[in-house]
Amino acid sequence: MNKSDTRRKPKNQTFWVFFPAASLLAALAVPLSVWAVWSGTGWPAGLLGTGHGHELIFGFALAVIAGYTLGPQPASVVYPLFGLWLAARLSWFFWPDSLLAQTLSPAFTLLLAWHVVPRFNAAKKWRNKMVGPLILVLCLLAALVGLAEALGPFDTSWLPGHLQLMHSAIAGLLLLMTFMGGRVIAPAVAGTLEKKGIPLEARVQPRIEGALIVTLGCTVFLTAFPAANPVAGSLLVIASGLITLRTLRWKLWLCPERPDLLVLGLGYVWLAVGALLTGAALLLGKTPAPALHVITIGALGVLSTSIMLRLAWQRGHRKPPATTDVTLIATLLSGAAISRLVAGSAPFSSPALLWLSAGLWAVTYFWVFIRLQTLRKHAKKRQK
């Protein structure tokens, strides 16, 4: 037997599998959801109503989380997990009321949690330990949504409503993006400024980070219960102020030569804006839907695309993303977020704004999908 035959097979970088798939899902799901209602066809059925939100949170966002957190994995882990994800997406798109769809989507999230959560058990600081449980909560929320759908004919008054569970999931994503975004931005800004001889004292900012974990962690639970909206709204407003303060202390304006960091900072600012607007809506007794789209389009959009391209560029070229890439996504996604916010709580009464938002979002993620394919090919050439 040759020595090469006894070597371990190299593990697969999970993000090369999940990031392009997540980008393609995002690019297709949003315009198709608008078409399903606007055309009157109701196709695809799984994207009607809150269906597109389900796919963007439990399909797209969890695929990005899988790609970002799993790291190198053997094919025996990556491809069964991806196959389950894909089957869950297809079944939800076309047969959302079927037992298959209501089973596969929770099954993927629970399998993802089984692989991801133990990776954070070795953390020593309580702030670092919370990542695993938070991802587990997001996965359990997907399972609860599936359970609520499956128990449709029965009395489910003991469960929070489908919409409330979705709101809790968005609050969970808000916390996760606040934490992980900060862990990416802080060291990158500090390193950039140190090269210029500028010390940055405010890096992770543990006190602010801890306060954000507590306030947003409580919000994840409270948003599931409409009676707690005033408290949840107050906590979101406080969190918005803390996110803004943390962002200002990073002094991102001193890094004009790093547009990738400036765009990450923009995504972090969208977190603050989304938290503030959502909190204000809950305090005023208004529907939080337009404000929640600021979080899912502005913050999740900018941060997810930035992170995906950042990892892909590092693997393919050993350098930060190109200026054209990051400025394009920042412009398009900010336009998408603003358009959807202005469309308000009855977006189909402003179809031009709604289609503009969906179109900008779709173009961005199609672009990211193409760039990821190109960068993957380049990375493979470097390995040869």
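## Overall architecture

In this protein, residues 24 or more positions apart account for 78% of the contacts with a separation of 6 or more. The model is a predicted one. It contains 14 helices and 2 strands. Along the principal axes, the C-alpha atoms of the protein fill a box of roughly 60 × 55 × 45 Å. The radius of gyration is 20 Å, which agrees with the value near 21 Å that a compact globule of 384 residues would have. Of the 384 residues, 55% are buried. The accessible surface of the protein comes to about 16900 Å², and carbon and sulfur atoms contribute 68% of that area.

In soluble globular proteins, nonpolar side chains tend to be buried together. The largest nonpolar core here has 120 residues, among which Phe58, Phe60 and Trp361 touch the most other members. Helix H8 (residues 162-195) supplies the largest share of this core, with 18 residues. Tryptophan 361 is in contact with residues beyond its neighbours within four places in sequence, including Ala26, Val30, Leu56, Ile297, Leu333 and Ala336.

Helix H8 is mostly covered, since 28 of its 34 residues are buried. Just after H8, glycine 197 takes a positive phi of about 75 degrees.

| Helix | Residues in helix | Span | Expected span at 1.5 Å a residue |
|---|---|---|---|
| H5 | 18 residues | 26 Å | 26 Å |
| H8 | 34 residues | 50 Å | 50 Å |

## Two buried polar residues

Threonine 69 is found in helix H3 (residues 51-69). Its relative accessibility is 8%, so threonine 69 counts as buried, the cut-off being under 20%. A polar atom of the threonine 69 side chain lies 2.6 Å from the backbone oxygen of isoleucine 65. Not counting residues up to four places away in sequence, threonine 69 touches Val116, Arg119, Phe120, Ile135 and Met180.

Aspartate 260 belongs to helix H11 (residues 259-284). With a relative accessibility of 5%, aspartate 260 likewise counts as buried. Its side chain is joined to that of arginine 258 by a polar contact of 2.7 Å. Leaving aside neighbours within four places in sequence, aspartate 260 is in contact with Arg310, Pro320, Pro321 and Val326.

## Backbone features in the loops

Most residues other than glycine have a negative phi, and most peptide bonds are trans. Which peptide bond is cis, with omega near -5 degrees? It is the bond from tryptophan 43 to proline 44. Proline 44 has its place in the loop between helix H2 (14-38) and H3.

Glutamine 205 is not a glycine, yet it has a positive phi of about 60 degrees. This residue lies in the loop between H8 and helix H9 (206-222). Glutamine 205 is buried, with a relative accessible area of 6%.

Lysine 251, which is not a glycine either, has a positive phi of about 55 degrees. The loop that holds lysine 251 runs between helix H10 (229-249) and H11. At 36% relative accessibility, lysine 251 counts as partly exposed.

Notes. Residues numbered from 1 in each chain as written. Predicted model: local features only at pLDDT ≥ 70, side-chain atom pairs only at ≥ 80, totals over all residues. Heavy atoms only, no water. Helix = DSSP H or I, 4+ residues; strand = E, 2+ residues; numbered from the N terminus. Buried < 20%, exposed > 50% of the residue type's maximum accessible area, 1.4 Å probe, protein only. Polar contact = N/O pair within 3.5 Å; in protein donor to acceptor, adjacent residues only side chain to side chain. Contact = heavy atoms within 4.5 Å. Expected span 1.5 Å × (residues − 1). Rg over C-alpha atoms; globule rule 2.2 N^0.38 Å. Areas by Shrake-Rupley, 256 points an atom, 1.4 Å probe, with all protein chains shown as cover. Core = buried A, V, L, I, M, F, W, Y, C linked by side-chain atoms within 4.5 Å.
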